Structures are given as structure tokens and as C-alpha cells.
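Visitor: I would like to go through the charged pairs of a structure. Please give the criterion with each label.

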Amino acid sequence: MEGVQNTKKLAGRTLFITGASRGIGKAIALKAARDGANIVIAAKTTTPHPKLPGTIYTAAEEVEAAGGKALACVVDIRDENQVRTAVQSAAEKFGGIDIVVNNASAISLTSTEHTEMKRYDLMHNINTRGTFLVSKECLPYLKKSNHAHILNISPPLNMAPHWFGPHVAYTMAKYGMSMCVLGMAQEFKPLGISVNALWPRTAIATAAMDLITGGEDTKFYRKPEIMADAAYVVLSREPRSTTGNFFVDDEVLYGAGVTDLKPYACNPEFADQLFPDFFLEMDTTLLEKYKDKVKMSPSPKTASTGNIAGLFGKIESMMNEELVKRVGASYMFNVKGEEAGTWYLDLTSGSGKCGKGQPQVPADATLTMDSKHFYEMFTGKLKPANAFMSGKLKISGDLTKAMKLEKLMGSLKAKL
């Protein structure tokens, strides 16, 4: 794949990467390994997860095969002693630490009401506290390095309310990582330690993302390698020349002379229809381009009345115990416009139920949209992610469960 070429600038450097057993963390590790870097894989996966491939040991084997040296460390970054032990082991094995990549993160796209406190604590302890702790423990060694970098995989600080409303707990946890960048960049500047953030423009195809979304929309994502290449560009720079930045992957690559980003797309045929990631504002040109992508042709006039009732009739004919087992959630739909009304879909027990009115069990997620857009979404003419990002769809409740509806929509499309 064309992209950023390795320059050997990280040869012999030691990178301490959290969450490097898979996904973006592992991609960054492998990119640096091709320079001949030393990679500390700090993660807690020692045995294969039933749904998430990769362990610290398989990642270490891949690093060695790519040309680097690896140290697999069992680290739950919530545990201060485990972090300290791993940092000391890394310094003893490789003679120090030059670069820290705070990649480990936990996600739950849930509203305040639907966020359990154990999930809130998990996100804040891994994302914010873990990032602070790892940076703190590595600091004595970074001070001694002549190429000291900290790179947090976290978004630009954006106070737009729509990035908080649907999942305030997650947003706060990720922004905690970004505030570490803001503060530590200023604090460590006299020490010559560079502190920056990196965030993707689009959704990135990782095993964790597939687990959350069901893996249905991978063709609209980019590969983790785009983040790895962007991280490599940032981490190869002279530390004193760049600090306190909130980088976006494609902007970094454009600045490095990479003009064709299509090879990073999971499916190049959909390279101009990629799902944007959270937290980024689009410039006017990109916004207009994105609006064009989500603008669909209007439904036929003959379909303007009675569509929703017919739609739920089709849904009812498809419901079965297997679908209930796969989805396991209850939904309420507030339909506006010509066919205004409240509908429900209960996929929590038996073969499921659906119809007009309130659900008999509490809704896990409530979806609100105009009847025309509602029909387009359920018949495959409007992608749920596009509808959500463009404001046509509003979701309250458990966003993760709401996203499971996409499988049902795909099945329904074939019947209409």
C-alpha cells in the first residue's frame, strides 16, 4: 500500500504503547518496528478474547517479524503497580524510553441515564487516569531522551454541545486525554518533551469497532494504517519543533506529501463515502461534500401516506427468536411530519413485538426523525450513521443498541 515510507528515524528508539495488542496501537507498533524500533506492548490481553483477536504475545511476534524488538508486558493501566513495573522493565531491557503512545481506551456511547457507574469508572480510569498515570511513570525516562514524545490518541477539544449530549460520560473521558495534551505540552516544553494528540477523520476499522457496530459498515471505514502512518510522521519529528498540537490523520499525511488517501480505505470503491468520526468539525467544502452524500432523492408521491404502517408490517413478518437473540433491545420511534406518531419495536423476548404506540417494556433507545427520512433509513436509502451525523436522526438512550438496528434495516431492504 502506498503511503508514508519508513525513514529509519525511529531505529533504536523505544516506544511504550498502551493497548498495542490490536487495532490502532498495534498498527503504530508495526510501523515503528519496520524502522528497527523497540516496542513495549503494554496491554492486558494474555489469552485470546472470544470476539477480539490478538494478545500481547501475538503482537510481539508480529513486531519481531517486522524488524523490531518487542517486550510484551501484562498491564492493566488502571493498576499503578502494573504500570510502574512495566515501565521499569522496559527501561531495564532497552536502556530507557523515548516515546509514549497513550492509545488504550474504553468506550460506551450511552446517555447519562443508561450509563452504569461501573462503565463510567472504567472509561475514566482507563482513558483519563490511565493516560495521566502512564505519562507520569514514563516521565523520568523521557527527560533523559533526546527524542522524547508523548502521543495521545484523543480528539481536539471541541466544546460543541452535540458532541456531549448523546454520550457525555464518554466525551468527558476522551477529553480528559486531550486535556493531558494541553497541560503537559505546556508543562514539559522546557524539558524538550513533545506532547501531541492524534485523531482520525473517519471511522477506523478495528476489531473493537466491529464488536460495537456488528461490522456491517466496514466498507465505509479506513484501515488503522492511516493512523499508524500519521503517528509515524509526528513521532519522527524533532520534539522541540512540534508540541501541543491536536493532529488529524489526513491533515498530517497531506502535510507529509501523501496526496492519495484512497489506499487507506477498507473498500476503495467507497473512499468518497466514508463515515466521519466523532468530535471533528468539517470545513465548508467537506461539509457541503458530506451533505451531498446524505442527500437522497425524495420518496415517490404515492408512498407519502401509509408508508410507516406498511413498514412495520414488513418488520413484523421478519421477526423471530433468532433476531431477538441477536439484537436483544427495545426501541421507541418518535416519527414526525406527514405520518407523525409513536411506534415501538420490542426485540427483548420471544419472537419480538412491534406496532403503533408505546413499548410495553422500557425502550433502550428512542429514535426521532421525520417520516420521510425514517422510511428512507429503513429501506436502505439513507445510512443511519449519515442520518445521525447530519442531524436527520436524533437518538436518546443506548447508542450502541441503536446501532444494532442497521442489520435489521439491511434485511428489510431486500424485502421492499
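Predicted model: local features only at pLDDT ≥ 70, side-chain atom pairs only at ≥ 80, totals over all residues.

Visitor: Why is the pair Arg201 and Glu251 called a salt bridge?

Guide: The term needs a side-chain nitrogen of Lys or Arg within 4 Å of a carboxyl oxygen of Asp or Glu. The closest N and O atoms of Arg201 and Glu251 are 2.9 Å apart, so the pair qualifies. Arg201 lies in the loop between strand E6 (194-199) and helix H6 (207-213), and Glu251 in helix H8 (residues 249-255). Helices (H or I, at least four residues) and strands (E, at least two) are DSSP runs, numbered from the N terminus. The two residues are 50 residues apart, and the pair links distant parts of the chain.

Visitor: What makes Arg201 buried?

Guide: Buried means under 20% relative accessible area, exposed over 50%, partly exposed in between (1.4 Å probe, protein chains only). Arg201 has 15%, so Arg201 is buried. Glu251 has 45%, so Glu251 is partly exposed.

Visitor: How do you know that Lys118 is exposed?

Guide: Lys118 has a relative accessible area of 65%, so Lys118 is exposed. Its salt-bridge partner is Glu116, with the closest N and O atoms 3.9 Å apart.

Visitor: Which residues are linked in a network of salt bridges?

Guide: Glu80, Arg84, Lys136 and Glu137 are.

Definitions and conventions
Residues numbered from 1 in each chain as written. Heavy atoms only, no water.
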